[in-house]
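Please consult the sequence and the model shown below while reading.

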Amino acid sequence: MAQPHETSHSVVSRSAWIDAAKGLCIILVVLFHSTLGVEKELGTLTWMHPVIEWARPFRMPDFFLISGLFLGARIAWPWRRYLDAKVIHFAYFYVLWFNIHFVLRLKGVIADVGVNGALLQYLRGYADPFGSLWFIYLLAVFCIVVKLLHGQVAWMITGIGLAAHILVPHTGVFIVDEFVSRFVFFYVGYAYAPVILKAARHTATAPRTLIVTALGLWAVANTLGLLTGLAAMPGFELVFGAAGIAAVITVCVALTSGSFASRSKTIPGTRLGDALVYCGKHSIVIYLAFTLFMGPARALMLKFAPMLNGGVVAILCAAAGLLGALALHWLVRRTSLAFLFERPAFFRLAADAFSSKDRRPVAA
């Protein structure tokens, strides 16, 4: 199959809806972790639990598909350059933030499993992703696998990915199970980027009534699928995931193209759309750092404001995680701590061979 991605990269990089979709996904991810954390502390479910469960069919599938959209423009690069941009890039931030998170949790880990157990957990973190950082780890793995598969027949690889998602049993090894479950979404984003981008352009010009009706029907179907358990069944899980991805793209295209607001050239989208775009541009920054602020916020609120509803606490903790991560990035970006979110030249392969636009921060 011909690889059209190189010619489509300029379109990908200019599409605000892509950043908005990443922004929506990272907000849902933070809400997910925040809600589960509050519920664990309270020992009971909150009214936010059905909300995060409602997003389960599409939350991570959409995140991986959107991540795959950007791969095509770099897939034909020589291995050395490709590894630097798409593998070492993610590996650097995984190792750095794995160590940061582990040190912050070390006291509790030692209390639970002892010093020897903590050492084993630390060493295992390099082979089995640690906490919420598994997404960063898996992106690096996916980029290697797709590079190895470059030039193969796309529909055949897609079919294998679909079959593996449905048929391969869970092994109990986290990284293996997540690879089998998520790879097909990342690969579809990469292999069919032109098709996805074309569909998004058509959505941008669709009548508002049609958009609202389609989203309403999807919302009902997604709800019924979750209530009946159909959305979690092998095979059907993929259908509901694909439908949710299409819905997220539709919402984000509408918000950033003006379908839900003024079409004035000076107002390209709603304030919500602008906020999602900003979060999307900094999605990995948020992913890396949100737990640094979410955990303390939860502890403080549960201790000093026990009258607050658990669902409200979950939302406030999520907001603390999002805003805290963005504030940290803004504060350190021009300081000696910039290495937290921007890979230093020392950790690059042949850094002098790259142009300045390739020396991008993790937020890019």
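## A buried residue

Ala 118 is buried, as its relative accessible area is 4%. Here buried means under 20% relative accessible area, exposed means over 50%, and partly exposed lies in between, with a 1.4 Å probe and protein chains only. Ala 118 belongs to helix H5. Its C-alpha atom lies 9.4 Å from that of Gly 108, a residue 10 positions away along the chain.

## Basis of the model

The model is predicted: local features need pLDDT of at least 70 and side-chain atom pairs count only at pLDDT 80 or more, while totals for chains, interfaces and linings use all residues. Residues are numbered from 1 along each chain as its sequence is written, and side-chain values use heavy atoms, with hydrogens and water left out.

## Overall make-up

The protein chain contains 14 helices and zero strands. Helices (H or I, at least four residues) and strands (E, at least two) are DSSP runs, numbered from the N terminus. Of the 364 residues in the protein chain, 49% are buried.

## Two helix pairs

Helix H5 covers residues 79–124 and helix H6 residues 134–149; their axes come within 7 Å and cross at roughly 165°. Axes are lines fitted to C-alpha atoms, for helices over the stretch in contact, and angles run from 0 to 180 degrees between N-to-C directions. H5 and H6 are therefore roughly antiparallel to each other. In this scheme, angles under 35 degrees count as roughly parallel, over 145 as roughly antiparallel, 65 to 115 as roughly perpendicular and the rest as oblique. The crossing of H5 and H6 is left-handed; that term applies if the near helix is turned anticlockwise from the far one by less than a right angle, and right-handed applies if clockwise.

The axes of helix H9 (residues 193–204) and helix H11 (residues 236–257) come within 9 Å, crossing at roughly 55°. H9 is therefore oblique to H11, and their crossing is right-handed.

## A nonpolar surface patch

Trp 47, Val 51, Met 307, Leu 308, Val 312, Ile 315 and Leu 316 make a nonpolar surface patch of about 610 Å². Patches consist of residues with over 30% relative accessible area and no salt bridge, like charges being joined within 9 Å and nonpolar side chains (Val, Leu, Ile, Met, Phe, Trp, Tyr) within 5 Å. A salt bridge is a side-chain nitrogen of Lys or Arg within 4 Å of a carboxyl oxygen of Asp or Glu. Accessible areas come from the Shrake-Rupley method with a 1.4 Å probe; for residues, only the protein chains shown count as cover.

Helix H14 (residues 310–332) supplies the largest share of the nonpolar patch, three residues. Met 307 sits in the loop between helix H13 (283–304) and H14, and counts as exposed because its relative accessibility is 65%.
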